[in-house]
Amino acid sequence: MHHGGDIDPRMEALLKDLTGTQREAVLQTEGPLLVLAAAGSGKTRVITRRIAYLIHCGVPPWQILALTFTNKAAGEMRERVYSMLGGHSEENRATRGLTITTFHALCARLLRRYAVPAGLKPDFTIYDTDDQSAVCKKAIEACQLSSSNFPPRSVLAAISKAKNELLDAEGYAAQAREWNSKNIARVFKEYTRLMRHANAVDFDDLLVLTARALKDNADVRAECQSRWRYLLVDEYQDTNHAQFVIASLIAGGTSLPARDQLPQPPDSPPPEPEPSAPRGPNFCVVGDPDQSIYGWRGADISNILEFEDHYPGCRTITLGENFRSTAPILALADTLIRHNKRRKHKPLFTSRTGGDKPQAVLCREEGHEGLLVADWLKARHEHGVAWRDMAIFYRTNALSRVMEEAMRSAAIPYTIARGTAFYDREEVRNAVAYLRSVANPADDISLSRIVNTPSRGIGKTSLDALEVHASREETTLLEALRDASSVATLGPRAAPAVAKFVAMLDSWTGGGSFMGALVPGTLTDLVDRIVRESGLRDMYVKQAKTSGSESDAERVDNLDELVSSAHQFELEYDPTADAALNPPPGAHPDLVIETPPLLALLRAFLESIALVADADAVDPAQGSVTLMTLHAAKGLEFDSVAMIGLEEGMLPHARAVEGLGGDGDLEEERRLCFVGITRAMRRLLITSAKYRTHRGIPNRTMPSRFLAELPEQSLAISDQSGDFDDFEGGTSLPTRVPGVPSGLSLPTRVPGTPFQVGTLVRHPQFGLGEITAITPGSHARATVKFKDLGTKTLVLEYARLTVVR
DNA sequence: GTTGCCAAGTTTTTT
DNA sequence: ACTTGGCAAC
């Protein structure tokens, strides 16, 4: 970069309040750069300043590509960069053409542009998990396999795993050895055939097909490489092989670094660096190997661990200073993560002093654990910490239930961060299926979903006949519908119903051309008309009237909300900013495709729906404690954090432990634990229960090995589980987290009943037992240790318990 | 075409 | 224990 003379004041503003290493990471604009950003080290700040700095140095914004994994991350990054550069608008030269997006969104756009070389039609539909499993079921059926031997879920998992490794159906078949994988290979082939036939892709295909296009098509590669001169990838530790290939190929070169060049003849010299790029491409990756927790989804931690080998000219900058947590919390995290072997060690330090030692408590069972956590949170609240600044983390969603109950009976406001996405609701999915059928006439899955929703006299029998016809004629379902008169097996009542349905679709699309006087003029019109004229809206209105239930009324609201989100999308849609529709100067003319504007808009809308999970669902709640999985916690921070369920089989999860020497997965579990710890700013509580009821069966547990890895000097462990094994003992235990002053203690009786801890009771089925714990509230529960059958937790209302003594 | 019952499967889930 | 999906009967 060329900057002589005076320091520009705006540049100065960009660099101020950055630490030395942060500043280096911003200033090192050229060549490959690995930024190892520890938790809480100001990573986002560095990335956004870096982008702003590049632009400030005169790099045209359209030459910059920043890739993230989530829409949320991309949105935040975009917003911060825009605000640094004077806002975003079409006129703002400073940001025009800048691409900050997710891998999947980038791929979707590239594939629209390069549909033909990628073997697709540009109006392809993106199938979500539900659609995928519908297709998978069909494929399993077509292969004449039983879905009980080949559950779609696990078949899809196998297919996805293969795709992450860039293995296609043929490649998978070639390496399949045993009966099981050979059959999966058959399903894989059929699945792929059905997907292409429906002109549909799944999430993995977005990556796979893009990677393949970049690999195999020199024009595509050249165009991307010449457009994007500065590439930045966030959370690089989470990239899978396909993403690695995409990023590497966009970054530069015609072949891939390291891995894909192997095996090499042992005597061949290392490839010469390209003369135009003495140090390598301007490829900056940011991440933290210690926070790689998506290996099970195909993320390959080697990508970041081996980045320096892939790019020998690479510079590495480590951001180790933590601005989030107190020293004792950091020390704890550091002690834990040092037990991992496969990592790059980096110092974790803070210049802050003071802070409380994290606490661990061994509890009796989950009810006890819930009470302890509730008391702890209450104590924190009394110390002036707002509810919204506290969180409870757990390994699996199943653990949330007990915590919910504990929060409810302690009257602590809470919200559970699990995305029940807007677009997953049945009514919205139905409306979207209409839109997809309109946008992609080959989308048989969507069409079959709506052909009789609401009922219009085209039942299962008719649909089957049409599907058979379609596959015999090797056409789409829609073509079969158009051809209904020649389908002999179709009933006399069904035929006119089908014709009417086809006429309705045509009235929205102008017969597919999206032209004509009767075709809706705007996307909002289109969505609104479809929702109404399809009868979908009326169907839910009617349902709401008859059932009177609130959830049915909500469905109508959701449909209306879909219309307004279409409106919103239309207002914000900026075709000039669409990388796919607007190739840079010099783009290969064969690769440019004309599209009717309304169809382009509809496609873009559908794409945003497919690629945008529920945006607001993950937002930290206002005014309430957040309950979430450890995975969901990544990237967030809270003043006070409670991590529960640190037991063998739970946090390291049983699935990660079982395989012989499956140490790789165990390290991921440890990283998960590390992620949890490093979310805490000031206070951390870790709990482990001696007994945990799982699927209705109480099990004795063992404390997590991770607890054993944390010495007393960095973690205050207190055993409150008492002599729980002892039938006589068990009742007079300390029930507080040490240092939590309030006299809150375990309830020992349920008001208004004879039941209290210690009561001997008889159950009609389970026989004689003793109450060992009580949870009061509207559905009061008692934990009863039965003489013969072990411990069970019963709802007093329903369990027919009689008092013996 | 709709409702209701039984059976099966339950780690995590950025897109 | 609990949800969900497939199938059978009305």
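Which residues line the largest cavity?

**View 1. Lining of the largest cavity.** In this predicted model, the largest cavity is lined by R112, D123, F124, T125, I126, R436, A439, R603, L606, E607 and A610. Its volume is about 100 Å³, and five cavities of 30 Å³ or more are counted in the structure. By residue class, the lining comprises five nonpolar, one polar and five charged residues.

**View 2. Secondary-structure elements around the largest cavity.** Strand β4 (125-126), helix α18 (426-439) and helix α26 each supply at least two residues of the lining. The most is given by α26, which contributes four residues.

**View 3. Helix α26.** This helix spans residues 597-611, 15 residues in total. The distance from the first C-alpha of α26 to the last is 21 Å, close to the 21 Å expected at 1.5 Å a residue. Because 13 of its 15 residues are buried, α26 is largely enclosed by the rest of the structure.

**View 4. Protein surface near DNA strand B.** Among the 24 residues around DNA strand B, those that come nearest are N71, R297, R395, T629 and R655. The residues of this surface divide into six nonpolar, eleven polar and seven charged. Sugar or phosphate accounts for 51% of the DNA strand B atoms within 4 Å of the protein, and bases account for the rest.

**View 5. Polar contacts to DNA strand B.** In the side chain of S455, an N or O atom lies 3.3 Å from a phosphate oxygen. For H653, a polar side-chain atom is 3.1 Å from a sugar or linking oxygen of DNA strand B.

Key: Residues numbered from 1 in each chain as written. Chains lettered and ligands numbered in written order. Predicted model: local features only at pLDDT ≥ 70, side-chain atom pairs only at ≥ 80, totals over all residues. Heavy atoms only, no water. Expected span 1.5 Å × (residues − 1). Buried < 20%, exposed > 50% of the residue type's maximum accessible area, 1.4 Å probe, protein only. Near = heavy atom within 4 Å. Polar contact = N/O pair within 3.5 Å; in protein donor to acceptor, adjacent residues only side chain to side chain. Nonpolar A, V, L, I, M, F, W, Y, C, P; charged D, E, K, R; others polar. 1 Å grid on protein atoms, 1.4 Å probe; cavity = no way out; pocket = protein on both sides within 12 Å on 5 of 7 lines; lining within 4 Å. Points joined across faces, edges and corners; volume = space filled by probe spheres on them.
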